[in-house]
Each structure stands twice: as structure tokens, then as C-alpha cells.
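Morning, everyone. I have one structure to go through, and I will keep it brief. Please have a look at it first.

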Amino acid sequence: MVTIPQQNAVGAGSQSGAPIIRVRDVHKYYDLGETRVHALRGVALEIRRGEFLAIMGASGSGKSTFMNIVGCLDRPTSGEYILDETDVAGLSKEQLAAIRNRKIGFVFQGFNLLSRTTALENVELPTLYARIPKEDREKRAVEALELVGLGDRIHHYPSQLSGGQQQRVAIARALVNQPAILLADEPTGNLDSRTSVEIMGIFQKLNADGLTIMMVTHEHDIAEFAKRNIFFRDGKIRRDELVANSPSAAEVLKTMPIVDED
Amino acid sequence: MDFAAILRIAMRALARNKLRSILTSLGIIIGVGAVIAMVGVGQGARQQIQDQISAMGSNILFVGSGSVNRGGTRTGWGNTKTLVQADLQAILRECPAVKAAAPGSNTSAQVVFQNNNWSTRVTGTTPEYFDIRVWPVQQGTIFKEADVESTENVAVIGETVRKNLFGDANPIGQTIRMSVRTSGTSTSSSTSTSSPGSTTQTTTPSTAQPFRVVGVLASKGYSAGGMGGDQDDYIFIPITTLQKKITGDTWLQFIQVSAVSREASFAAQEQIEALLRERHRIRPGQDDDFMVRNLADFAELQDQQAKVLTYLLGFVASISLIVGGIGIMNIMLVSVTERTREIGIRMAIGATEADVQRQFLIEAIVLSGIGGAVGIVLGIITSYVITNVFGWAVLIPPEAIVIAVGFSVAVGVFFGYYPARKAARLDPIEALRYE
């Protein structure tokens, strides 16, 4: 595969770079009528450039809320969140949209591609909102699709692609604006085990090329592919540990039996 | 985001539900089509009225023998017998704003030429009448002042009369026979006895009299509403001939007057009114036994009526445009709900509220804009159909098209705004979770 043509490749491999994300004492409440749901109770976390971390936890542990806040889809009730040296807590909705557009790449469990829209057009979408000139948009989208190994399927519609391929289109879409961090919410939740490992292979490769990745998962064997695992429980981080010997997805794949995609 | 891209996205979204989009546009198509066609009909009527009025001349006044008010019941004009030839002379003599005046009386008659016969109106007048009304002959001549003095049986006929009596034959010099309908009250036998000295000349009203056709008038077509229908369905003969040989009356039903200029027509009106009140000995506070109509007033009134008609038609038609707009709003609301997830995705990858709002607004505007464009074509076609089938004049003013397009886009904006706002206000997290 091709190398990532992006700025954060500068900090490639350096675990000791400047923190790309710094979260301090973040709380999040939801008021549901009479009752107050305390989703996050003081979370602090630093993510450095080039990290690949997996966030684990049961449902209701606060990991999704944390993900939404890091992804600038939601704002903390209190606390500090600095993304790439920008204090995100005080930004307007428009500014948050711009941050999501340029600094964050989202990958979802359900792929979330626009149906009846080709792979290329799906990947182009963020460049459209970034007001990138028309000539560059397609070029960048094609590059991103080649990066995830779908250079030959750019004019396919999501319905013509397998789950793994759809997820790769989603990854290409997340990468097209050269974000500071890739956020993946249960990226393998809808995939079979072999395809899941394939996706992890892509993540590992992108990470090796310098991309910072934060992934929410509840599968331990998937979390293993990350370099750092964080465990959420009851709205707090309970454990934060480095993975000693991450398996190489490429190696694991060789040992797995090939199953038909359908 | 560049406009071409937004437009492409909107077109694609609309193409996804083709039937739905077409049906939604149909509301606007019908609305705009109706507005254009109706305004076209209204404006056409207005134009026609204006043409006719300017053809008649704008300095014309019409003095009619008046209505009588008896215990609150008023009769129509032409029911008093106080307007006479002497009044006409006095008007010419004493009203400086008056340029010319011609007397007139009407009656109905049956005319026959060879095997053809035709029922029409006969007006007795003088040659000045045709000058005042700026009405030339297309063939032959107008009868002369000498004909009036010697009560000649000569006639100038209108185009409709010519067509019905002569067809392709040359009417000039031909003799037609004219018999007055006996139903007319003003031609009752008592009249002939009340006009002494003329009994020898007065033939029995129902007897046909020969008239030599000396001229055919140029066609004037239908007059503006309320002015007597087909203006070409008339025969003009000397006033003296009508009075002495046909009706036996001496009074005038009307005097056609021209003022020295258009501006002078109002002065002429006042002068004539004052003069006739004096001559007819009408005391202050008493109703006139005549009426003076100023064509400038009349033109204004007619134009006003046509304008009201146009507005009314346009207003009724624009109701359907509003209904069409509601249809757009309805569909856009459905669309926003259906595409909640898409909205969530777009927001997650960086679409701002403004982007989302713009997208849905453009969709609504494309719907209404396409509807508007098709509606204009439909409206123009409808107008031509109306013109050809019903024979009405239709005039589509260019600004009506501009207004219709503007209005349909405005409908799109107005009825698209709320759904678009609703889409933009969605919480991206909720929207992404929407199934």
C-alpha cells in the first residue's frame, strides 16, 4: 500500500510527541426529567501523536459519551478538552463542525455511507464541506481510496460492496481531509472475524505511517491490536495500560481460514 | 461548498424519489400555470379595452337623455324626451370646450337585401358623428349634410351588416329594404299624431322602406363591455330620415360630443351640464334629466374593472400556488425525517448547520423552481388554447413571468425554510443513532 501523504506523518512513530488530545476533569450529565444521568465523572486523558489506543468498557460505562466528546459531536458539561492545541470547550457549533471536518475522521460501526452514492462521492463529501477546490477533491478522494486498497472500486455503490469494503470506504472518507486523529466507534462490530482483522491491519498500517487512532471496542482480541488499552467503568477511566506485544494483523491474517464474504 | 455541487446533491436527492418529486412539483406547476394564464386573460381583456377606447378617441363625451327617478325607482337612460336638436345647437354655440357635436337616435330594424335579411340597430345621425368617433369608411362615402337636410333614404352600413346582407357582392349603390320592428314603444301610432305637419311624410312604421347604401364603415369590432356589443352591427342613416320617416320622434336619445382636447373634456362636461340644466329648467337639488359621460372617465372605469378582474383571477390562481407550496413543505418534512441518518453523517464529517439548511432549502427551491419553469410553459400553452378556443385576447406580460418565477422560488424558500431549519437543528448524535 501507499504511504499517507499527510502532515502528521512528521511525528511518525514518536510516542513522545506533543499531546494531540488533552482531556482534564471532564464531566457530562444528562438531565432526563427528574433524574440526572452522570455519564462521565471526571475523565482525564492525554493522547500523543502517533498513538493507537483502544477504549474498552461495558455499555453504559461512558465510553461512547467520551467518544462523542472527543469527536466534537458533544460538549462536556464541565472540564477542559484541548484538541491539537485548540481549546474545544468554548467553540461554537460552526467551529465544532469545522473541527470535525478537518481534524477528526470518523469511522462508525454501521459504516454510515450514503446509499446510492458512489464510493468516490462518499469519500469526496468531507472535502466538499472543507471548501476544497473541485479539481483537488477528486484527486484526494481517489488517493484515499487507493490507500485503503479500493482503487479499483471507486465507482461502486455501497450496495455493491461487501461489509469490509464498505468499512474501508468509510476509512478513506475519514482520512480524506488528513485529520489529526481517526476516531473509530466499534469499527468491527458489524464484520466477521477475518474482515475485522483486515480492518485492524489497515489501522495498524495507517498508525505505522503516523496516524493517531482512537478506537472504541468491546472485543478484547480486537483491542489487542492497539498499542494502548483504556478501560471505562461508571463514567471513569479504571485502567490505562500499554499493550506489551501487539500482534501484527497481517501475520494473524495468514493463520486465518479464508471464508466467503457473503 | 460550491453551488454546482449543492445543486448536484439536491438533484440526486430529488431523483431518488422521482414520482414523489414530480407530484410535489405538480402543485407548483398548476399554480404558476394558472397564475400566468389568468393574468394573461385579464391583461388581454385590459389591453383590448384600452385599444378600443383609444380607437374611439379620448376626447369624446356622450350626452344621453336621462333617467327618470320616480319614488326611488330609476329608469335607464334614454327614457326622457327632453333632449332635442335645439340643445345640440346651444351646446355648439355656448360651450367653448366643445369642438363638434352630432345628434343620435336608435331604433331596431329588420333589413332585407334580395334573399338575405338581418336584424340590426339603426342610428340616425349627421356626418359629424363619424368625424367625432374617428370612424372612416372602408368603401363608398359617408352621407352628406345635404342628405340630412333633404331626408334622403341613404345608409352607411357596418361591416357585420355588410357581411350578412351582401356577402361577396358590392353593396355600394344597392338598395336595401328596412322595416322597423313594431315592438318599439317609441314608434307607437300616438307619436305620429303628436307630430303635426309631418303626417304626410310619416309612413306606417312597419312598412319597409328602401335605402340606398352609400358607404361601408371600417370594422371597429366588439366594444368594451357595456357599450353596446358589436359596433359593426349598425346601420347609420340621416337623423332627419329616422325621425320623420321611421320613428316620428323629434327628440334625441343622445348627442355625441367631442371636446377640443382630451384635457378639455372635463371642462366640456361641466359646461354641457350647466347649460342643459339651465335649458331644461332643472332646479338646484333636482336630478338631471340627462347624463353626460366623459369617455376619459369611462376609460378609467373600464380599465379599473379590468384591473380588478386581473387581480381577482391572479389572486384565485395564486391560492393554488400556496397549496402547492404546502405540498412542498409536507414532502420536505417527510424527507428530513427519512434522511435523519444522512443528516447525522453529514454533520459528523463536518457539515455545519448552515450547510445542512442550505442543502434542504436548495432542494425545496429546485422543486418549486422546476415547477415554476414547467408552469410557465403550461401557462403559455393554456393561454394560447384560451385565445384559440374561446377567442379571448390573451396577453402575457413579461413581468408576469418574472413574478411567477420569483413567486415560485419564494414559495420554495418560504415553505422549505421550516423543514430545512428542522434538519439543521438535529443533534448529530441522535441523528446518527436514528434507524
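Two strands count as paired when DSSP finds at least two bridges between them. With that in hand, take Gly64(B): its bridge partner in strand 12 of chain B is Met291(B). Before I go on, note that this is a predicted model.

Strand 1 of chain B is joined to strand 12, residues 290-294, by 5 bridges, and the two run antiparallel. On to strand 11 of chain B, residues 254-259: 5 bridges join strand 1 to this strand, again in an antiparallel arrangement. Here Val63(B) has Ile255(B) of strand 11 as its bridge partner.

Now chain B as a whole. DSSP runs give 14 helices and 12 strands in chain B. The chain has 435 residues, of which 43% are buried. Of the contacts in chain B with a separation of 6 or more, 84% are between residues 24 or more positions apart.

Last, the contact between the chains. Chain A puts in 21 residues and chain B 17. On the chain A side, helix 2 (93-102) and helix 3 (119-129) each supply at least two residues. Helix 2 of chain A gives the most, with 6 residues. By type, the chain A side splits into 10 nonpolar, 8 charged and 3 polar residues.

Technical notes
Residues numbered from 1 in each chain as written. Chains lettered and ligands numbered in written order. Predicted model: local features only at pLDDT ≥ 70, side-chain atom pairs only at ≥ 80, totals over all residues. Helix = DSSP H or I, 4+ residues; strand = E, 2+ residues; numbered from the N terminus. Buried ≥ 20, exposed ≤ 12 C-beta atoms within 10 Å, placed from the backbone. Contact = placed C-beta atoms within 7 Å. Nonpolar A, V, L, I, M, F, W, Y, C, P; charged D, E, K, R; others polar.
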